[in-house]
Amino acid sequence: MEIKRICCIGAGYVGGPTMAVIAQKCPHIKVTVVDLNEKRIAAWNDVNTDNIPVYEPGLSDVVAAARGRNLFFSTEVDKAIAEADMIFISVNTPTKTYGVGKGMAADLKYIELCARQIARVAKTDKIVVEKSTLPVRTASAIKDILDHTGNGVQFQILSNPEFLAEGTAVQDLFAPDRVLIGGDTTPEGQKAIQALVDIYANWVPKDRILTTNVWSSELSKLTANAFLAQRVSSINAMSELCEKTGADVNEVARAIGMDSRIGPKFLKSSVGFGGSCFQKDILNLVYIAKSYGLNEVADYWEQVIIMNDHQKRRFAKNIISTLYNTVSGKKITFLGWAFKKDTNDTRESAAIYVADDLLSEQAHLSVYDPKVTEEQILADLNYLDTRSETENTKGIIVENNPYAACEGAHAIAVLTEWDEFKEYDWQKIYDSMLKPAFVFDGRNLLDKKALEKIGFVYQSIGS
Ligand code: UDX
Ligand code: UDX
Ligand code: ADP
């Protein structure tokens with residue numbers, strides 16, 4: 001079966017970059033990305049591709065190359081579904097904020113809406129691909145809905161989890177470690193798998209395309225994210241012990257990373273992991289384990305989240321205690337708000353929680369991030385609902401110049417590892433601050449020796 005038309009529902013951080021790369025690599029396939037959000041689609045269609053809504057290094061070039069040729073962004077969801085042979089579902093699956101499983105389970109209402117929309121509109125056979133990270137067995141729920149359309153259309157459901165990391169999305173999509181495709185073991189299921197394999201084979205070496213059954217594929221995605229997050233929580237747990245004992249967490253990480261069984265990557269101690277996936281996927285894993293009565297399994301993974309919350313909280317606490325137990329009325333500058341460098345995404349960013357704690361202590365925050373807007377920063381704080389929107393607006397100033405952001409501050413906190421922070425004129429920043437001038441480096445990014453030589457009191461994580 002040869003795929004000629006693809007539709008992707010959801011033009012977010014996953015759907016946008018993934019489809020742009022498929023379109024660029026497969027000029028013979030027409031790819032239409034649809035979303036209900038008109039503003040978002042308009043931004044994807046902006047004449048200037050620097051204004052697309054997702055910031056990722058290299059992405060605007062990929063979009064510029066394919067858009068209008070075989071890549072289209074549209075709000076006409078029904079039309080795109082009707083004409084597609086293959087439909088990717090890349091809508092958001094946030095943690096539930098209400099009802100059963102509140103704060104733990106993934107909210108599948110957007111997925112279900114998509115399935116129902118596909119069921120209503122489809123007049124020809126379709127392959128439906130789960131791209132969003134989903135709880136295990138979601139495919140069977142989608143199948144239930146699709147199989148009851150009554151109009152005789154055949155659906156095959158595939159699971160094709162996306163492993164790209166934000167900030168390196170284009171690179172990850174161009175040269176993935178692996179592509180994972182799960183499908184039914186029936187002959188029709190195998191044919192559907194092959195159709196998707198053929199698409200990726202346009203640029204991914206065959207030995208990197210793995211095929212499994214649907215459940216293995218769904219569970220592998222949750223497992224991969226749980227293992228990655230666990231590494232960060234493990235090194236962060238050691239960072240606190242390092243601070244007490246005089247060991248240096250960077251040295252420890254280097255030493256253990258040279259053991260080829262452990263490996264050197266993903267061992268950077270930090271103010272805590274963020275992003276849309278790790279916490280959500282682990283909570284989801286915990287929820288699934290509990291729902292099968294596997295309490296020890298659930299507790300084991302939940303500890304990764306508990307450790308991460310602790311790491312964020314203790315960073316804020318340390319700022320307060322170091323600044324003589326009060327930050328009330330003091331200007332504290334945040335360098336960075338995004339959950340990691342090279343993205344404008346702020347979902348679950350540690351910065352939000354650290355800011356929230358400091359605002360509760362009546363600090364005056366000044367924030368600079370090269371890619372995050374003031375509107376987003378305020379929306380992130382307001383979403384927590386700790387205090388009124390007016391109070392948040394009063395407590396925080398967002399600057400678009402880092403030097404202005406640091407002027408007159410008691411302390412600087414580095415929350416994101418943006419490269420440009422290393423290149424600043426730190427003497428100039430020091431001269432403009434109150435003394436003693438403190439730097440709390442939540443990313444172990446800056447040059448400790450150089451800053452101390454200037455006169456800063458410098459504290460990093462884990463040493
Ligand atoms: C993650 C997975 O890496 C990706 O495979 C999956 O598809 C989606 O979730 P992402 O959340 O985009 O990707 O970024 P990632 O690089 O994994 O970083 C997640 C968080 O962990 C960030 O806040 C990052 O700063 C933090 N982190 C990562 C550390 O604190 N230390 C590390 O060593 C690595
Ligand atoms: C371990 C460390 O590997 C070694 O670096 C250290 O110096 C001493 O402790 P050892 O206990 O001899 O070495 O063997 P190891 O290969 O680490 O296995 C330990 C246990 O884990 C064994 O019972 C092994 O069967 C089990 N294991 C190991 C697993 O169950 N699964 C694995 O994937 C690996
Ligand atoms: P992710 O990181 O998983 O890509 P995002 O929130 O960035 O998540 O993107 C998901 C997108 O899916 C949003 O732009 C949202 O408007 C869109 N979306 C959600 N439900 C639907 C739907 N039923 N039809 C079309 N688009 C949808």
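## A tour by selection

Begin with Pro436, which sits in the loop between helix H17 (426–432) and S13. The peptide bond leading from Lys435 to Pro436 is cis, with omega near -5°.

This is a predicted model, so a word on confidence comes before the next selection. The mean pLDDT of the protein is 96, and 100% of its residues reach 70 or more. For the complex, the predictor gives an ipTM of 0.91 and a pTM of 0.94.

**The two domains**

Colour residues 5–212 as domain 1 and residues 243–463 as domain 2. The contact between them takes 15 residues from domain 1 and 16 residues from domain 2. On the side of domain 1 that touches domain 2, nine residues are nonpolar, four polar and two charged. The centres of the two domains, taken over C-alpha atoms, are separated by 32 Å.

**Ligand 3**

Move to ligand 3, which has 21 residues around it. Gly10, Gly12, Val14, Val91 and Asn92 come nearest to ligand 3. Helix H5 (residues 109–121) gives the most to this shell, with three residues. The shell around ligand 3 divides into eleven nonpolar, eight polar and two charged residues.

**Helix H1**

Select residues 15–25, helix H1. Ten of the eleven residues of H1 are buried, so the helix is largely enclosed by the rest of the structure. The buried residues of H1 are Gly15, Gly16, Pro17, Thr18, Met19, Ala20, Val21, Ile22, Ala23 and Gln24.

**Helix H12**

Next, select residues 295–322, helix H12, which has 28 residues. From its first C-alpha to its last, H12 reaches 39 Å, close to the 40 Å expected at 1.5 Å a residue. Show the side chains of Trp301, Val304, Asn308, Gln311, Lys312, Phe315, Ala316 and Ile319, which are buried. What do the buried residues of H12 pack against? Their partners are H9, helix H11 (278–291), strand S9 (331–335), helix H13 (350–360), strand S12 (411–414) and strand S13 (438–441). Following H12 is Tyr324, whose phi is positive, near 60°.

Pick Arg5, in strand S1 (residues 5–9). Is Arg5 buried or partly exposed? Arg5 is partly exposed, because 16 other C-beta atoms lie within 10 Å. Leaving aside residues up to four places away in sequence, Arg5 touches Lys30, Glu83, Ala84 and Asp85.

Then pick Lys126, in strand S5 (residues 126–130). Lys126 counts as buried, because it has 23 C-beta neighbours inside 10 Å. With residues up to four places away in sequence again left out, Lys126 touches Ala84, Asp85, Met86, Ile87, Ile118, Val153 and Phe155. To check a distance, take the C-alpha atoms of Lys126 and Thr211: the two residues are 85 apart in sequence and 19 Å apart in space.

**Positive phi in two loops**

Select Phe266, in the loop between helix H10 (249–257) and H11. Phi of Phe266 is near 60°, a positive value in a residue other than glycine. Phe266 is partly exposed, with 16 other C-beta atoms within 10 Å. Between the C-alpha atoms of Phe266 and Arg5 there are 37 Å, and the two residues are 261 apart along the chain.

The last stop is Asp385, in the loop between helix H14 (374–384) and helix H15 (389–395). Although Asp385 is not a glycine, it has a positive phi of about 65°.

Notes: Residues numbered from 1 in each chain as written. Chains lettered and ligands numbered in written order. Predicted model: local features only at pLDDT ≥ 70, side-chain atom pairs only at ≥ 80, totals over all residues. Domains from an automatic or database assignment. Contact = placed C-beta atoms within 7 Å. Nonpolar A, V, L, I, M, F, W, Y, C, P; charged D, E, K, R; others polar. Helix = DSSP H or I, 4+ residues; strand = E, 2+ residues; numbered from the N terminus. Expected span 1.5 Å × (residues − 1). Buried ≥ 20, exposed ≤ 12 C-beta atoms within 10 Å, placed from the backbone. pLDDT = per-residue confidence, 0-100. Near = placed C-beta within 6 Å.
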